[in-house]
Amino acid sequence: STPGLAAAPSTPKPASLLTPSPVGTAPSARKGEALGAEDRALVDRLDTVALCLARLFLDKPDKLRAFPVLIPEVFVSRMKLGAPLRKRLHTLLGFDSRLEYLIAENDDLVNALFFWHHKVLPLFRKDYVDQAYRSLNGAVLTIDGQELHLYSAFLKFLLRINERAGGGDPDEIASRTKEVLDQFEREPEQQQFLLSVFKRLDARSHERPEDFDEIKLTMLTDVAANGVYTMRSVKGMALCEKAMTTLLQGYIDKHEPLEWSSLFKEAAKVSYMLKYMFRESLPLAKSKFLDFVTSKDNFKKMPNATETQELLRKLVQDTIASYGQVGIFDPAALATLDFLNQPMQLVDLVRESMTRPSREAKKDMQLLTEITAKWMEYMVDQKFPPLTPHHTQAFVVLMMARFYKTIQAQVESRASGKSVKGLFKNKFAPKAFVAQMSTGEGKSIVIAMLAIFMVRLYDLKVHVLENNEGLLMRDFATNKPFYDKFEIKAATDMFDEESRITYCLKKDINRYFFRKTVAGELDKCLAKTVIIVDEVDDLVVNEKPNSHYVKQDVQKSPQLQKAFAALCSQSPSQPEDVEDANWAQAERIVRQSASKKLGTHYRIVEVDGKRKAVMLDSSGHVPKVPLTAPWLQFVNFKECRISPIAETDFACMCTPYLFNKYQGIFGLTGSVGGKAELNYLTKTYGAIKFDVPKFLDTCTGDARKQVKNHGVEIHENASKQLERVVELAKNHYKLVPVLIIAANLSELTNILEAIKSSGHFPVDEVQRLSEFDERGRSMRDRWQTIIDDATKRLGGVDDNRCRVTVTDRFGGRGHDYQVMDTEANDRGGMLVIATSVPDEREWTQWKGRTARQDRPGQFAVVLNKQSPVFTDPAREHILSRLKRAPSEDAKVEVLLEVADDGIGAKLKEFESQQATGEKLNELTEKYYCKYPRAFEEPWPNEKYLETDLRLRALLHDFADQPADVIRAAAMDELGIALS
């Protein structure tokens, strides 16, 4: 009985029966002698006790754990392989017949303590396996007459690897193993794929088990999901199936397990391209491009509509004429090649097209063909099939390259005083080409190809402006080896003078312009440089257009440090060596800081282990270009112990002024936005916009999937809105992955806490995706893992679910949420829940997180009446407009129009600031051309002290003056003539 077992250790005789030592030293006969009756009885009692303890343990393995204490001695003495007692134990364990060999052939498993864990042992028992893993247990593959039983082989593999990774912790081993088994149980296709590669996988794990130490084995489900998608995409194309099978098997054999997830993900993308490679139609692509430029309806909302349409029509027609009737290679010849198994055959076919008589005089097509060939070589180097760019991608690159000729002609005509015939009426001078490409259409390769065009065709330098750091790191790492094939140096350091293609962020550009301006070298550096912008947000002034730069003032800093220290003391008083004016200034700064609130005006973040306060913009977001203010210095001094410095005005940088210094501007974006943004881009940069046809629209058949709109809901207040968001997530997370995009960081936190505390979701399966965590620490190292986990299905067959991911604007753009889960796609794809409708540019990005490539998607909008969009008196009509809207899509359009009006109002508000900033930026540039110095030199500089002090005063006193006042002051104070 249980009480008897519990009491046994306190009495001598039972203790000798139950502890490991006596079992190992049980009575035995000397050689040649038989056991006596008394000894034989004792042996029988020991056998009975051991088997009884085993039975009790199997009945309640989490509580009655006496039997595992006997291990390993019991298997050395009483339960040796082949012994009758061992056979009785096997019967008692109730193993599935296909698993019994794991304990019948050796003692490795039974001697492992984790095997007897109450969550591990059931994985072997027939009753549990039949209930939880019926599908996996039935998966079998026969190879050369030998049967591979997936469940037994895979279970053994998982336990062996997880024992290393879990450090012997049975709970960790059990948890890791069960999670992987659960994920595979639901997916018969993934089981079959795993069977096809298992021998390679198992062999690899025996040869180099240490390769698996740094990975989570749940990664195998990602690998299998992408493997299944890859093979399904090329199903029915025998050569493609053979080539992709060889490719995927090669990954298992030759690449580190840490690389498998990204390699298989890339293979899935390649298979998507292969799937539609033979359905892509050149005549259809030409037709789609011509349809856009010949329809006046597409230009109704565009400024300079007639001139823009005529220019784009000419660019399209010239591009199509240059591209020819065949394109980069002859598709008829493609059908005769085994290019998947002999990839260089297709590369050679592309190169041969350069010798066609019709192409010899076409420099752009010659270069495009060379770029294509080298791109294919790069793909082969990466062990991928050599795929050519889509016609849509090639057309856009050629159009942009031809557009640069237009800019050159425009500059030459301006210099000569002549006009360009047939274009540019009403003084319209285009300088920027913005291509609107949907998400997932391959902007990255278009950017790379265009950058090479600019370098090779026009001998230019290129700055590639990325939207955030994650995208910059990804795209640069992907494309640098491609640039290397052209011996074109690429970098991420804008001050690398040898770099021809530089990937950067907006803050990098500001820093570069700032330092080159101070050195008097800006025009020289940008004389032959163009910029390619990935997303036009950085061209549209969402934030204040002007950055007023300050620098440590060597005259004032020491006194400010002493003043701040005094003001932080319990009895603040003015130090003797601090001047009255500087003391008064310090007091004003401290008073200003008292009104600034954490979370509203600033945040404390931690980057590389160092804490600092950062200033937020008017929307409560961390701006792309850091903001500064005197009060922020005191907050940093008080909260983060960062020594203050007295900073005085040193320069002014105006965003539009900076971008217009480039020789040409090329933008690729998911959405330009509404009418307000388009007007701004045209007025400020001379931009023209072209809507690039979607790749699938240039393929035969109907492959595009629609995005389902679940509707726009408006609730009475934030509390009701939050309840509904939680309810929607609860209703869908067992069906599909759920991505909730909050309006701001505060709302993100509220939603995350509400979902976790609701009791409806496993807490550890609700995740946060943001630039910084709740303590202000950068989440950079976790971004990709969170994004990958966001689309996985968890749990077993009868109780499975997906994760809920809560993010803000950071997670709503630029990240690739790949939904490979068949069940989720059958049920409509990832659900995006938006708690606001931002401007059209941002909204297009949010929608683009779902329904990627040819997979389905869905979204829902949940708003509350207390949000600014409804409480603004100027928008009191919006609710009635929403009620009259004929459909849910029409409601979204109403909200986008309202957001567009808001953008227009903001751009109008910034108009005068921009005019001021442009003049102050021009003044800054011309002053430092006249008085250049190294950035590190002290400010004010003794060499130019008199004029430096005048510039300091002018930048400070005229920061909000109109352009004509600044123009007059620049001449009066500094003798500098402004335009």
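**Figure 1. Helices, strands and overall extent of the predicted chain.** The chain holds 41 helices and 21 strands, where helices (H or I, at least four residues) and strands (E, at least two) are DSSP runs numbered from the N terminus. The model is predicted, and for that reason local features need pLDDT of at least 70 and side-chain atom pairs count only at pLDDT 80 or more, while totals for chains, interfaces and linings use all residues. Residues are numbered from 1 along each chain as its sequence is written, and side-chain values use heavy atoms, with hydrogens and water left out. Along its principal axes, the C-alpha trace spans about 120 × 90 × 60 Å. Of the 979 residues, 54% count as buried, a word that stands for under 20% relative accessible area, with exposed being over 50% and partly exposed in between (1.4 Å probe, protein chains only). The accessible surface of the chain comes to about 43500 Å², and 50% of this belongs to carbon and sulfur atoms; such areas come from the Shrake-Rupley method with a 1.4 Å probe, and for residues only the protein chains shown count as cover. Among contacts in the chain with a separation of 6 or more, 73% are between residues 24 or more positions apart, contact meaning heavy atoms within 4.5 Å.

Figure 2. The domain assignment of the chain gives domain 1 (45-276), domain 2 (277-544 + 659-695), domain 3 (554-645), domain 4 (717-864) and domain 5 (905-974), with bounds that come from an automatic or database domain assignment. Taken over C-alpha atoms, the centres of domain 1 and domain 2 are separated by 50 Å. To their contact, domain 1 gives 17 residues and domain 2 gives 17 residues.

**Figure 3. Helix α31 against helix α39.** Two packed helices are described by the angle between their axes and the distance between the axes. Here the axes of α31 (residues 675-685) and α39 (residues 888-930) come within 8 Å and cross at roughly 30°, the axes being lines fitted to C-alpha atoms, for helices over the stretch in contact, with angles that run from 0 to 180 degrees between N-to-C directions. That angle makes α31 roughly parallel to α39; angles under 35 degrees count as roughly parallel, over 145 as roughly antiparallel, 65 to 115 as roughly perpendicular and the rest as oblique. On the side of α31, the residues in the contact are K675, A676, E677, Y680, K683 and T684, and they meet D900, I903, G904, L907, E911 and Q914 in α39. By class, the residues of this contact divide into four nonpolar, three polar and five charged (Ala, Val, Leu, Ile, Met, Phe, Trp, Tyr, Cys and Pro count as nonpolar, Asp, Glu, Lys and Arg as charged, and the others, Gly among them, as polar).

Figure 4. D948 belongs to helix α40 (residues 945-957) and is buried, with a relative accessible area of 0%. Leaving aside neighbours within four places in sequence, D948 is in contact with Y927, R933, W939, P940 and N941.

**Figure 5. The cis peptide bond at P72.** P72 is found in the loop between α5 (66-69) and α6 (73-76). A cis peptide bond joins I71 and P72, and its omega is about 10°.

Figure 6. Although N304 is not a glycine, its phi is positive, at about 50°; N304 sits in the loop between α17 (282-294) and α18 (305-323) and counts as partly exposed at 25% relative accessibility. E487, also not a glycine, has a positive phi of about 55°. The place of E487 is the loop between α24 (469-484) and β5 (490-491), and at 76% relative accessibility E487 counts as exposed.

**Figure 7. Surroundings of R852.** R852 lies in the loop between α36 (840-847) and β21 (857-864), and is buried, with a relative accessible area of 14%. Not counting residues up to four places away in sequence, R852 touches T439, G440, H815, D816 and Y817. R852 and D816 are 36 residues apart in sequence, and their C-alpha atoms are 8.4 Å apart in space.
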